Amino acid sequence: MKKLTKIILGIVALLATGTSFVAETVKISNCKELIAFADLVNGGTRKNQAQYTNAVLTNNIDMSQCSERYPMIGNEHSYTIYKGTFDGNGYVISNLAIDTIAQNVGLFGAVGGGTVKNVVLQSMRTKITYQM
C-alpha cells in the first residue's frame, strides 16, 4: 500500500507542477490496492490522465478480505473510460461482488482504447438494480 500511495503522490506532484503526465505502472497485490487503483482511475480532478495509469497484479486477490464496496474500474455514467493496460499476470481475482445500478458491470465498468489481459475471475457475483 505504501508503494501505491507513493505513486499516487508522485502523479499528483507531477500534475501540480504542470509537468506532462507519464503513465505509471501500479503493482497490485491485495484487495485494498485494487480498490485504491479503481478509485485513482475513477476519481480526482485530473481523472482524464489517471485513466491511462497501467496496472499489474503481483498476487492472487481475494476480494472477500475487504469490507469496502468495489467501485469497478471505469464508469460509463461519469464518462470515466479506462485507457491503460491492466495485466493480471495470470493471477486470480476471486469473490468479487458488485451491487450497482450501472449497465456495464464487472471488474471494469468501461474500457476504451485500453488493454485488459491475463486476468482470471472466479466466484464473481453481481446484483444490478434498474431504475425507471
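So, which two cysteines form a disulfide here, and how far apart are their sulfur atoms? Keep in mind that we're looking at a predicted model. The pair is cysteine 31 and cysteine 66, with the sulfurs 1.9 Å apart. Searching the whole structure turns up one disulfide. For those of you who like torsions, the link between cysteine 31 and cysteine 66 has 85° about the S-S bond, and it's right-handed. Cysteine 31 sits in helix α2, residues 31-42, while cysteine 66 is in the loop between β3 and β4, so the bond ties together parts that are 35 residues apart in sequence. Both cysteine 31 and cysteine 66 are buried.

Okay, on to the core. The largest nonpolar core has 25 residues, and the ones touching the most other members are Ile28, Leu34, Phe37, Met63, Tyr70, Ile73 and Phe86. Elements giving two or more residues to this core are β1 (25-28), α2 and β2 (54-57), and α2 gives the most, with seven. Take isoleucine 73: leaving out residues up to four places away in sequence, its contacts include Leu34, Phe37, Ala38 and Val41, and also Phe86, Leu107 and Phe108.

Last stop, glycine 84. It's in the loop between β3 (61-62) and β4 (85-87). Buried or exposed, then, is glycine 84? Its relative accessibility is 3%, so glycine 84 counts as buried. Beyond its neighbours within four places in sequence, glycine 84 is in contact with Gln51, Tyr52, Thr53, Asn54, Gly114 and Thr115.

How values were computed: Residues are numbered from 1 along each chain as its sequence is written. This is a predicted model: local features need pLDDT of at least 70, side-chain atom pairs count only at pLDDT 80 or more; totals for chains, interfaces and linings use all residues. Side-chain values use heavy atoms; hydrogens and water are left out. Helices (H or I, at least four residues) and strands (E, at least two) are DSSP runs, numbered from the N terminus. Buried means under 20% relative accessible area, exposed over 50%, partly exposed in between (1.4 Å probe, protein chains only). Contact means heavy atoms within 4.5 Å. A disulfide is a pair of cysteine sulfur atoms within 2.5 Å. A nonpolar core is a set of buried Ala, Val, Leu, Ile, Met, Phe, Trp, Tyr and Cys residues joined through side-chain atoms within 4.5 Å.
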